[in-house]
Amino acid sequence: MLFKKIVSVICAATISVSALIFPASAESETGEMRNISTMQLVRDMGLGINLGNTFESCGDWINKTVKSYETAWGSPVITQNIIQGYADEGFGVLRIPVAWSNMMSDDYTIKQSYLDRVKTIVDWTLDTGMYAIVNLHWDNGWLNNFPDDKTENMKKYTAIWTQLSAAFADYSDYLMFESQNEELGWNSLSQSESYSLVNEINQNFVDIVRSSGGNNAKRHLLISGVNTDITKTCNSLFKMPSDPAGRCAVSVHYYTPVTFALLEEDASWGQCRSTWGTDADFKELNKYMDMVKTNFIDKGIPVIIGEYGCPTKNKEADSVRLFLESVCEAAYSRQMCPVLWDITDLHYSRTDCKMKDQQLKADF
């Protein structure tokens, strides 16, 4: 199993207990909601991976068909074997980013064929025994307009989550909803106004899901931090929503330093780094992970690192492995679930249905 060395070293005892508390995921197909906390559920997820650059692709140049959107940013049509491969490589949760506006009418009704395709991917994911996280992703950036027309944008946001809540109402607790990706937080507003709007949107998300019937009254929910930035989300102005079920986790992302974790070539604002692993790098990593632990984990609030990762182009292979291993271990050892950002054939081959760098797998 992928990552079994890290998992066994860090918390062999936790895994032993988890095996007793969480039997193999037959419940994922029966629609049952187990009597477990969100902290327990996040630990049971283990380590995750993103189905990136697939259902969140968007652009006016794309033909308005389900297949065109699915493949527009380089992904093949997703097959059941691709999804099974993630589980076979040891991942415990698949995050499925989606741009819901791709196939949507003027009254914000999502086209059924698009929704059905995402449901198929979720079904395949749950069939493997993995958890699934479905979100509202960047979606061509319409959430950036919230400060300019809050009423209309909240109407659209509410319509999306009302439809998704209804569509997945009977799914088990192996499905988690995530309120948004990285767009909640606006420089056009004052700090207090921005945080207030973030908190309001996240509260609306919880209220929509909880009032929608079925298993959603108890569904575990993932709350987007402020731009999913660790420092911003750890600010006291950020508030977790009030939840009658008490089943919410918080999502932050980790791409630090950006010159290594994001840049593939030099930019006007920074020089691309090809290596990672200095004492200063480890100090920085531990500083941010400790910050998250202190502000959330230690207060009983579960955390999912919804994205972390780095490209491989113009990077030293050993540094890529070290970075991915180190971030993963730093998060997991602090009781968080790290979810690797991946796009077609970056770290996982959607042709061979296995990790591309088998040394990375072996190192884990």
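The model is predicted. It contains 13 helices and 10 strands. The radius of gyration is 19 Å, close to the 21 Å that the globule rule gives for 364 residues, so the protein is as compact as a globular protein of that length.

**Overall dimensions and packing**

- The C-alpha trace spans about 50 × 50 × 45 Å along the principal axes of the protein.
- Of the 364 residues in the protein, 57% are buried.
- Among contacts with a sequence separation of 6 or more, 75% are made by residues 24 or more positions apart.

**Nonpolar core**

- In soluble globular proteins, nonpolar side chains tend to be buried together.
- The largest nonpolar core in this model has 108 residues.
- Tyr86, Trp100, Val122 and Tyr254 touch the most other members of that core.
- Beyond residues up to four places away in sequence, Trp100 touches Ile110, Tyr114, Leu115, Val118, Val134, Asn135, Leu136, Asp139, Ile160 and Leu164.

**Thr158**

- Thr158 sits in helix H7, which covers residues 150-167.
- The relative accessible area of Thr158 is 25%; buried means under 20% and exposed over 50%, so Thr158 is classed as partly exposed.
- With neighbours within four places in sequence set aside, Thr158 is in contact with Asn204 and Ile208.
- Ala261 is 103 residues from Thr158 in sequence, and their C-alpha atoms are 33 Å apart in space.

**Asp342**

- Asp342 lies in the loop that runs between strand E8 (337-340) and strand E9 (348-349).
- Asp342 has a relative accessible area of 0%, so this residue counts as buried.
- Outside the four places on either side in sequence, the contacts of Asp342 include Ile49, Asn50, Leu51 and Gly52.
- Asp342 is also in contact with His347, Tyr348 and Arg350.
- Between the C-alpha atoms of Asp342 and Ala169 the separation is 28 Å, and the two residues are 173 residues apart along the chain.

Conventions. Residues are numbered from 1 along each chain as its sequence is written. This is a predicted model: local features need pLDDT of at least 70, side-chain atom pairs count only at pLDDT 80 or more; totals for chains, interfaces and linings use all residues. Side-chain values use heavy atoms; hydrogens and water are left out. Helices (H or I, at least four residues) and strands (E, at least two) are DSSP runs, numbered from the N terminus. The radius of gyration is taken over C-alpha atoms; the globule rule is 2.2 Å times the number of residues to the power 0.38. Buried means under 20% relative accessible area, exposed over 50%, partly exposed in between (1.4 Å probe, protein chains only). Contact means heavy atoms within 4.5 Å. A nonpolar core is a set of buried Ala, Val, Leu, Ile, Met, Phe, Trp, Tyr and Cys residues joined through side-chain atoms within 4.5 Å.
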